[in-house]
Amino acid sequence: MKQTLRTKAKARTTPKGASAAIQRRLLAEDWWAAAFHVGLYRSKANEPGTEALLADLLARGARVAVPARHGKNYRWAWVDARTRWRKAAHGILEPVRAVPADPAELRVVVVPGVAFDARGGRLGHGGGHFDRLLAQGDALRVGLCFENRLLAEVPMEAHDIRMEVVITEKRVIYAAPAEARLERLLGGAAPDR
């Protein structure tokens, strides 16, 4: 069932300008400015981009970690403005020199997916690589999704990890557990939603 959903979602045309609109929507969120230890994916061609997010984080001196291949799995690696990049598996940019990052330090993690649902369900590319990365920390999980890949429901298994926030080019969706994580991120009350 998941593979069928992946195939159908990937076949949907990416709306022109949607990737930039998704990033602008996230950058406009008041809590984004409080994100100073962020896990951020580097996008494939069929995913919402993260270039503007990376530029924003580095410009304001935030610590940024990206997934980097380590054997058959991935781990978080710190990057900065001086990082040299190389194309790795699936054409994803990774740092040439991976400096391991402690997942417990991350306060926000921006997550890719093939599709999402409004309750934070995420349909990944298969293999569980990102779910294993997410299981290592306790960050606010933010999924970036094209609106036409937002499903009524993503089938979830025991190892699948839900997002607290899903952002499309048209809206920001807060799933039930978002408030507590936003409070921790902001050091007090969560912003009004």
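A: Gladly, and we can start with one residue. Leaving aside neighbours within four places in sequence, Glu-94 is in contact (heavy atoms within 4.5 Å) with Pro-67, Ala-68, Arg-69, Tyr-74, Arg-84, Trp-85, Arg-86 and Ala-88. Glu-94 lies in strand S5; helices (H or I, at least four residues) and strands (E, at least two) are DSSP runs, numbered from the N terminus.

Q: What should I know about the model before going on?

A: This is a predicted model, in which local features need pLDDT of at least 70 and side-chain atom pairs count only at pLDDT 80 or more, while totals for chains, interfaces and linings use all residues. Residues are numbered from 1 along each chain as its sequence is written, and side-chain values use heavy atoms, with hydrogens and water left out.

Q: Is Glu-94 buried or exposed?

A: Buried means under 20% relative accessible area, exposed over 50%, and partly exposed in between, with a 1.4 Å probe and protein chains only. Glu-94 is buried, with a relative accessible area of 2%. Arg-75, in strand S3 (residues 73-79), counts as partly exposed at 27% relative accessibility.

Q: What does Arg-75 touch?

A: Not counting residues up to four places away in sequence, Arg-75 touches Val-66, Pro-67, Ala-68, His-70, Ala-98, Pro-100 and Leu-133. Arg-75 and Phe-130 are 55 residues apart along the chain, and their C-alpha atoms are separated by 9.4 Å.

Q: How do I read the buried side of a helix?

A: An α-helix has 3.6 residues a turn, so residues three or four places apart point the same way. In helix H5 (residues 178-186), the residues Ala-178, Arg-181, Leu-182 and Leu-185 are buried. Seen down the axis of H5, these buried residues fall within an arc of 100°, so they line one face of the helix; the arc is that of the directions from the helix axis to the C-beta atoms. They pack against strands S7 (108-111), S10 (140-144), S12 (165-167) and S13 (172-174).

Q: Which residue lies 7.4 Å from Leu-182, C-alpha to C-alpha?

A: That is Trp-31, which is 151 residues apart from Leu-182 in sequence. Leu-182 itself counts as buried, at 2% relative accessibility. Just after H5, Gly-187 takes a positive phi of about 70°.

Q: How is the packing of two helices described?

A: Two packed helices are described by the angle between their axes and the distance between the axes. Here the axes are lines fitted to C-alpha atoms, for helices over the stretch in contact, and angles run from 0 to 180 degrees between N-to-C directions. Helix H2 (residues 18-28) and helix H3 (residues 51-59) pack at an angle of about 35°, with their axes 8 Å apart. In this contact, Gln-23, Leu-26 and Leu-27 of H2 meet Glu-51, Ala-52, Leu-53 and Asp-56 of H3.

Q: Which residues of H3 are buried?

A: They are Leu-53, Leu-54 and Leu-57. Seen down the axis of H3, they fall within an arc of 100°, so they line one face of the helix. Their cover includes H2, strand S1 (37-40), S2, strand S4 (85-87), S7 and S10. H3 is followed by Gly-61, whose phi is positive, near 75°.

Q: How do I find empty space?

A: Rolling a probe the size of a water molecule over the atoms shows where empty space is left. On a 1 Å grid over the protein atoms alone, a cavity is a set of points where a 1.4 Å probe fits but cannot get out, and a pocket is an open set with protein on both sides within 12 Å along at least five of seven lines; lining residues have an atom within 4 Å of a point. Grid points are joined across faces, edges and corners, and a volume is the space filled by probe spheres set on the points. The largest pocket has a volume of about 490 Å³. Of the 27 residues that line this pocket, the closest to its centre are Arg-122, His-125, Gly-126, His-129 and Phe-130. H4 gives the most to the lining, with 4 residues.

Q: What is the volume of the largest cavity?

A: The largest cavity has a volume of about 60 Å³. Its lining includes Trp-76, Leu-106, Leu-133 and Arg-141.
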